[in-house]
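Trainee: Could we go through this model together, one question at a time? I would like each answer to end on the thing I asked for.

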Amino acid sequence: MKREAPKSIADYSPLFFPGLMLIVFFVIPFSTMIAVSFFQRDPSGFYTPDFVFSNYARFLTPFFGKVLGFSLMLAVMVAICCVVIAFPFTFLLTKRPRKVQTIWLVCLLSVLSLSEVIIGFAWSTLFSRTAGITNLFVAIGVMKEPVALLPSFWAVLTGMVYQALPYTILVLYPALVRLDPTLLEAARTLGASPVRAFVNVVVPALRNTIVATLIMVFVFALGSYLLPQILGRPSHWTLSVLITDQAIYQSNMPFAAAMAVFLVLMSLALVGLTLLVGRRENAL
Amino acid sequence: MSGLELKDITKTFGNFRAVDTANLSVPHGKFVCLLGPSGCGKTTLLRMIAGLEEPTSGEILLDGTDITPMPTHKRNLGMVFQSLALFPHLSVGDNIAYPLRIRGASRDEQKKRSDELLKLIHLPGFADRPVAKLSGGQRQRVAIARALALSPKLFLLDEPLSALDAKLREAMQVELRQLQQRLGITTFVVTHDQREAMTMADLVVVMGNGKILQAAPPIEIYRKPADAFVADFIGMTNLLDATADRVGRVSVLGQAIPNLTIPEGLTKASVSIRPEDVHLGPVGGDAIAGTVTFVRDLGGTIETFIEAGGKTIVAVATPRERPEVVAGQQVGVILPAEACVVLKS
């Protein structure tokens, strides 16, 4: 369908409201943050307007580099784990009767009602030595004595995957429901076992959906700052934790703002790179 | 026996009997059309042959071996779906070579076979095109080529031509038939288009309400329909009530028809007569008196609608054969006994 290009100002009117919202709730706060990131910190007060690069220069150190690297790595791992678990799960879910699907989706949605704090403390109990799941393993004879599974990297990863999984499933569900079931049947009539057909027909046919979901979970996981603190050691803290620490406890707004801007730029670069690679492969 | 045999195949979905004790024997190399109105169970039957649906009871034998418990991917068959189900992420060549890739054929072998098949379907040089860039007819051919890539024992097509426009459909029917003849492969096509079935099939299987009503060569189905449903579904027909009196004379619409007999012991039956077998003449003699209600002159043929005894009879003839009649005219309708098929009513 071909649409006519808008001619008068009135033709643009449907854009005014979303445009206004975007300006008030995104452009202004984000610009403020960028501005603040160049300000001078005032140790006795808050900050004074200025234009200095010292805030950015300060984290060009191995320490912040490592934290940034860890944050990105953690977010990437959470994204991959979520998609690897959620994709086959959602696929099998769409093959169940309508009623069963509804029940599962309602249960998954109810997980979304839990706050990050509750999820964090629930997992910290589950991973503890005194009341955790290792006690169950001891009871069934798999382990000799209960151990504490936290604080550790795996505890952080588990908690974050748990938190992001319902979103992942909800994003994948519509695409998988719409997938033409005859594609899979065709693969089977051509000699592919059901597992094989899934791997080389369903997965590639939904590649764009998978990439979009990976990016969404990645961005979602990047902002997490409570779970790493509850379930991990300080070495597992993400850049978001440091930003919170600088902004709230050290009252160093300019530095926190600089870190936040840098984090946004880095994640944008990563997302851009993913899309670029995806496009090049598509062109082949 | 070499070929495909269905033994008492039944499939129920809940309380609904989609296929009801279907028995069929198809010799190797035959072209079979499963024909029937929508919802008659023909697609379900095809899907059971493919193994995509499990029969509730019954057996499917291929060359004498029971393949009922065999999963689809081990049955060595090729299937064309109504939606075609071409893989959107693969090129034309890769789509066709997919079954070879699954079996671990080398890249060269895959290329050789897909080029061979592309030539067979008259699309040489299309191997590197994306599927999305093809026209409807081209996609159709690619789906057929992909299904034939491994020279399967069975070739199954589920309403393969329904998405094409009428002209292309007719051309593809002929092409499909010629292809099947050249390859000598046992083929099943599901269709609701009786013209399509008549064009292509060695054996037409008419289904209704989950049952196989008649399985016979097309011309036999047309000339000797097994019951009123088949007669009505295949082509145009006149279904009339026939009654027999005590001395055995049979009359239709109150007019005795010489030489027409109905099974002994019955006093009532249905008679089916094709429009082209109905002759028109002057009123009187053995002719049924009727009034012409409408004349549809199609150029090549003329359809005349005659009202007689509360029934409408359709007669078809070429302009040379047909005496000029106009609406409102009184005519005599002659039903030759040898063209009448007596059906159980």
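Trainee: How many residues does the contact take from chain B and from chain A?
Mentor: Happy to start there; the model is predicted, so local features need pLDDT of at least 70 and side-chain atom pairs count only at pLDDT 80 or more, while totals for chains, interfaces and linings use all residues. Residues are numbered from 1 along each chain as its sequence is written, with chains lettered from A and ligands numbered from 1 in the order in which they are written. Two residues are in contact if their C-beta atoms, placed from the backbone, lie within 7 Å. The contact takes 19 residues from chain B and 16 residues from chain A.

Trainee: Which elements give two or more residues to the side of chain B that touches chain A?
Mentor: Helices (H or I, at least four residues) and strands (E, at least two) are DSSP runs, numbered from the N terminus. The residues on this side of chain B divide into 12 nonpolar, 5 polar and 2 charged, where Ala, Val, Leu, Ile, Met, Phe, Trp, Tyr, Cys and Pro count as nonpolar, Asp, Glu, Lys and Arg as charged, and the others, Gly among them, as polar. The elements giving two or more residues are strand S6 (77-80) and helix H2 (92-102) of chain B.

Trainee: Are the residues on the two faces of S6(B) buried or exposed?
Mentor: A residue is buried if 20 or more other C-beta atoms lie within 10 Å of its own, exposed if 12 or fewer, and partly exposed in between, with C-beta atoms placed from the backbone. In a regular strand the side chains alternate between the two faces of the sheet. Leu77(B) and Met79(B) are on one side of S6(B), with Gly78(B) and Val80(B) on the other, and all are buried.

Trainee: Which residue of S7(B) stands opposite Met79(B)?
Mentor: Two strands pair if DSSP finds at least two bridges between them. S6(B) and S7(B) run parallel and are joined by 4 bridges. The residue opposite Met79(B) is Leu156(B).

Trainee: Does Leu86(B) count as buried or exposed?
Mentor: Leu86(B) is in the loop between S6 and H2 of chain B. Setting aside residues up to four places away in sequence, Leu86(B) touches Asn95(B), Val131(B), Arg139(B), Val142(B) and Ala143(B). It has 21 C-beta neighbours inside 10 Å, so Leu86(B) counts as buried.

Trainee: What do the buried residues of H4(B) pack against?
Mentor: Helix H4 (residues 136-148) of chain B has 13 residues and reaches 19 Å from its first C-alpha to its last, close to the 18 Å expected at 1.5 Å a residue; the expected span is 1.5 Å times one less than the number of residues. Its buried residues include Gln140(B), Val142(B) and Ala143(B). They pack against S6, H2, helix H3 (107-120), strand S7 (154-158) and helix H5 (166-183) of chain B.

Trainee: How many of the 15 residues of H4(A) are buried?
Mentor: Helix H4 (residues 98-112) of chain A reaches 21 Å from its first C-alpha to its last, close to the 21 Å expected. H4(A) lies largely in the open, because the number buried is 1.

Trainee: Which residue of S4(B) is the bridge partner of Leu6(B)?
Mentor: An open sheet of chain B has 4 strands in the order S2-S1-S4-S5, with antiparallel pairing. Its edge strands are S2 (16-27) and S5 (65-66), each pairing on one side only. Strand S1 (residues 3-13) and strand S4 (residues 57-62) of chain B pair over 5 bridges. The partner of Leu6(B) is Ile60(B).

Trainee: What separates the centres of domain 1 and domain 2 of chain B?
Mentor: Chain B is divided into domain 1 (3-230) and domain 2 (236-343), with bounds that come from an automatic or database domain assignment. Their contact takes 4 residues from domain 1 and 5 residues from domain 2. Taken over C-alpha atoms, the separation of the centres is 39 Å.
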